[in-house]
Amino acid sequence: MHIIRLFIPLSLLALFISCQPQESQPVTSRVDVEAIRTSMPQQSVNDDQYWRQGKAELNRYELLQNRYRDLHPGEAVLVFVLEDFLTDKQVKNDNYRNPNSTPILKTNGLFRFPTGIYDYSLMLSVFTPFDVNQFPQTLKVTHTAQDWCGQGYLQLNRQKEGYKVSSFSYFESEGDVMTTVPVSMLEDELYNRIRLNPDQLPQGEIDLLPSSNVIRMMHLPFKAFKARVEKKSYVGEEFEGDNQQVLIVNYPDLNRQLEIVYSGNAPYEILGWKDTYPSAFDRRPRTTIAKRTHKLLSPYWSKNALADQDLRAKLGLVNFLP
């Protein structure tokens with residue numbers, strides 16, 4: 001929050017309809033779905049069976065979030081899952097009637113933390129194709145931000161002329177903006193790139209469009225900035241995991257450094273991150289840090305009964321049952 005070739009007629013049908021109300025699905029027989037799928041062009045996909053299990057990888061992180069003039073304790077969840085994605089409509093392939101489909105690694109990132117009396121809830125979704133030869137860029141990013149002041153929504157769609165940006169916010173300077181920015185690598189997709197193949201990560205000086213979270217937090221213009229990217233072994237003791245590696249991203253113009261720590265062993269799990277940048281309110285640099293505490297493989301979209309709340313404890317989340 002990376003792909004899967006849909007190869008199971010009904011056993012993974014739950015994966016295809018994840019996060020969708022069941023009653024909204026069209027009535028389609030298993031024969032029809034399989035016939036439609038097998039008639040599609042074959043995709044060039046990663047051979048790693050990890051992403052073909054019909055489950056999502058759920059990761060829970062202990063979070064200290066830089067906001068205002070403090071570091072606020074909170075919680076982050078990264079959900080990584082393989083899905084089929086329509087490249088023309090840029091939405092999940094639900095019905096398998098449209099041949100313009102490719103497997104993608106989807107990351108859903110959820111970040112929740114209180115700030116004094118009120119709280120924040122941020123959510124990020126990133127859709128990155130497995131077939132990097134045919135689709136070298138991430139196709140879509142969406143981002144939402146909610147706090148007691150109001151809401152914001154941001155969406156990027158890859159188009160021929162660049163990334164189409166739609167921005168809506170309660171802030172005057174950020175609200176109801178429709179524009180197009182030149183294609184560059186997205187910071188939001190770096191996590192997916194690590195999961196797919198860290199050997200293909202960019203290094204050196206590149207143009208990089210900062211994270212949607214940071215754009216909202218720092219109130220930045222939506223554009224790419226010069227960044228220096230390097231990958232090396234991690235030598236700290238703050239994160240738990242095997243063969244720790246780190247991707248370091250420095251933005252000189254933003255006085256910002258991001259460190260994404262991950263396992264150098266497949267499937268290249270994200271162990272945590274550190275993000276140091278000046279607050280928009282007093283310009284003092286502080287470091288957001290997220291440390292992974294739990295991991296769970298689960299077809300979570302089917303675990304939606306009251307009895308399934310016990311799984312929250314396995315993921316380190318709050319259980320609301322009495």
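Q: Is Trp301 buried or exposed?
A: Trp301 counts as buried, at 12% relative accessibility. Buried means under 20% relative accessible area, exposed means over 50%, and partly exposed is in between, with a 1.4 Å probe and protein chains only. This is a predicted model, where local features need pLDDT of at least 70, side-chain atom pairs count only at pLDDT 80 or more, and totals for chains, interfaces and linings use all residues. Residues are numbered from 1 along each chain as its sequence is written, and side-chain values use heavy atoms, with hydrogens and water left out.

Q: And what about Tyr300?
A: Tyr300 is partly exposed, because its relative accessible area is 21%.

Q: How are the rings of Tyr300 and Trp301 arranged?
A: The pair is edge-to-face, because the planes are at 70 degrees; the ring centres are 5.0 Å apart. Rings of Phe, Tyr and Trp (its six-membered ring) pair if their centres lie within 6.5 Å; planes under 30 degrees apart are stacked, over 60 edge-to-face, and the rest tilted.

Q: How many aromatic pairs does the structure hold?
A: There are 14.

Q: Which residues do ring pairs link into a cluster?
A: One cluster joins Tyr68, Phe113, Tyr118, Tyr120, Trp148 and Phe281.

Q: Switching to charges. What sits over the ring of Phe127?
A: The charged end of Lys140 does, 5.8 Å from the ring centre. The rule is that NZ of Lys or CZ of Arg is within 6 Å of the ring centre and within 35 degrees of the ring normal.

Q: What lies over the face of Phe80?
A: Arg195, at 4.7 Å from the ring centre.

Q: New topic: how much space lies in the largest pocket?
A: About 420 Å³. On a 1 Å grid over the protein atoms alone, a pocket is an open set of points with protein on both sides within 12 Å along at least five of seven lines, and lining residues have an atom within 4 Å of a point. Points are joined across faces, edges and corners, and the volume is the space filled by probe spheres set on them.

Q: Which residues are closest to the centre of the largest pocket?
A: Of the 17 lining residues, they are Leu58, Tyr300, Arg312, Leu315 and Leu317.

Q: Which element gives the most to the lining of the largest pocket?
A: E2, with three residues. Strands (E, at least two residues) and helices (H or I, at least four) are DSSP runs, numbered from the N terminus.

Technical notes. 1 Å grid on protein atoms, 1.4 Å probe; cavity = no way out; pocket = protein on both sides within 12 Å on 5 of 7 lines; lining within 4 Å.
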